[in-house]
Amino acid sequence: QVQLVESGGGLVQAGGSLRLSCAASTRTFTMFVMAWFRQAPGKEREFVAVISRSGGSTSYADSVKGRFTISRDNAKNTVYLQMNSLILEDTAVYYCAARSSQVVTRSSATYDFWGQGTQVTVSS
């Protein structure tokens, strides 16, 4: 049982940076694996990044590896997505997701809780 609220989206020029935040309303935040997904118009929702419950392990989609960094602050019940060197293809609605498991996964179907999404638009 968790409510997720994303923030930090906006308009940014290619090559710029943006940091997304996801605030989780739960008493057991450390019991959730947290992930970021994104969905561009006309495309399927795709995996972006995931972080383990302790924050000690992360995994990224090849398309963002080396540019994006996922992190979490368990004391603040918040997960972040630092996005650097943004490109036009990063334009999408970004969603925060959670699953009550120790296992890190990349499939959207394995996540039980979702935020409302925040728009990220990269311009040239």
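## A walk through the contacts of a predicted model

Let's start with Met-34: leaving out residues up to four places away in sequence, Met-34 touches Leu-4, Cys-22, Phe-29, Ala-49, Val-50, Ile-51, Ile-70, Arg-72, Val-79, Cys-96, Ala-97 and Ala-98. Touching, or contact, means heavy atoms within 4.5 Å. This is a predicted model, in which local features need pLDDT of at least 70 and side-chain atom pairs count only at pLDDT 80 or more, while totals for chains, interfaces and linings use all residues. Residues are numbered from 1 along each chain as its sequence is written, and side-chain values use heavy atoms, with hydrogens and water left out.

Met-34 is also one of the residues with the most contacts inside the largest nonpolar core, along with Trp-36, Leu-81, Met-83 and Tyr-94. That core has 37 residues. At least two of its residues come from each of β3, β4, β5 (46–51), β7, β8 (78–83), β9 and β11 (118–123). A nonpolar core here is a set of buried Ala, Val, Leu, Ile, Met, Phe, Trp, Tyr and Cys residues joined through side-chain atoms within 4.5 Å. Buried means under 20% relative accessible area, exposed means over 50%, and partly exposed is in between (1.4 Å probe, protein chains only). Strands (E, at least two residues) are DSSP runs, numbered from the N terminus.

Searching the whole structure turns up one disulfide, a pair of cysteine sulfur atoms within 2.5 Å. The bond joins Cys-22 to Cys-96, with 2.1 Å from S to S. Cys-22 sits in strand β3 and Cys-96 in strand β9, 74 residues apart, and the pair links these distant parts of the chain. The torsion about the S-S bond of Cys-22 and Cys-96 is about -80°, so the disulfide is left-handed. Both cysteines, Cys-22 and Cys-96, are buried.

Now for the rings. The whole structure holds five aromatic pairs. Rings of Phe, Tyr and Trp (its six-membered ring) pair if their centres lie within 6.5 Å; planes under 30 degrees apart count as stacked, over 60 as edge-to-face and the rest as tilted. Two of the pairs are set out here.

| Pair | Type | Centre to centre | Between planes |
|---|---|---|---|
| Phe-32 and Phe-113 | edge-to-face | 6.0 Å | 80° |
| Phe-37 and Tyr-111 | edge-to-face | 5.3 Å | 70° |

Phe-32 lies in the loop between β3 (18–25) and β4 (33–39) and Phe-113 in strand β10 (residues 113–114), so their pair ties together parts that are 81 residues apart in sequence. Phe-32 is buried at 3% relative accessibility, whereas Phe-113 is partly exposed at 22%. Phe-37 and Tyr-111 are both buried. Ring pairs also link Phe-37, Phe-47, Tyr-111 and Trp-114 into a cluster.

Another arginine, Arg-67, is in the loop between β6 (58–60) and β7 (68–73). Arg-67 is buried, at 14% relative accessible area. Beyond its neighbours within four places in sequence, Arg-67 has contacts including Gln-82, Met-83 and Asp-90.

Finally, Asn-74 lies in the loop between β7 and β8 and is partly exposed, at 23% relative accessibility. Not counting residues up to four places away in sequence, Asn-74 touches Phe-29, Thr-30, Arg-53 and Ser-54.

Technical notes. Helices (H or I, at least four residues) and strands (E, at least two) are DSSP runs, numbered from the N terminus.
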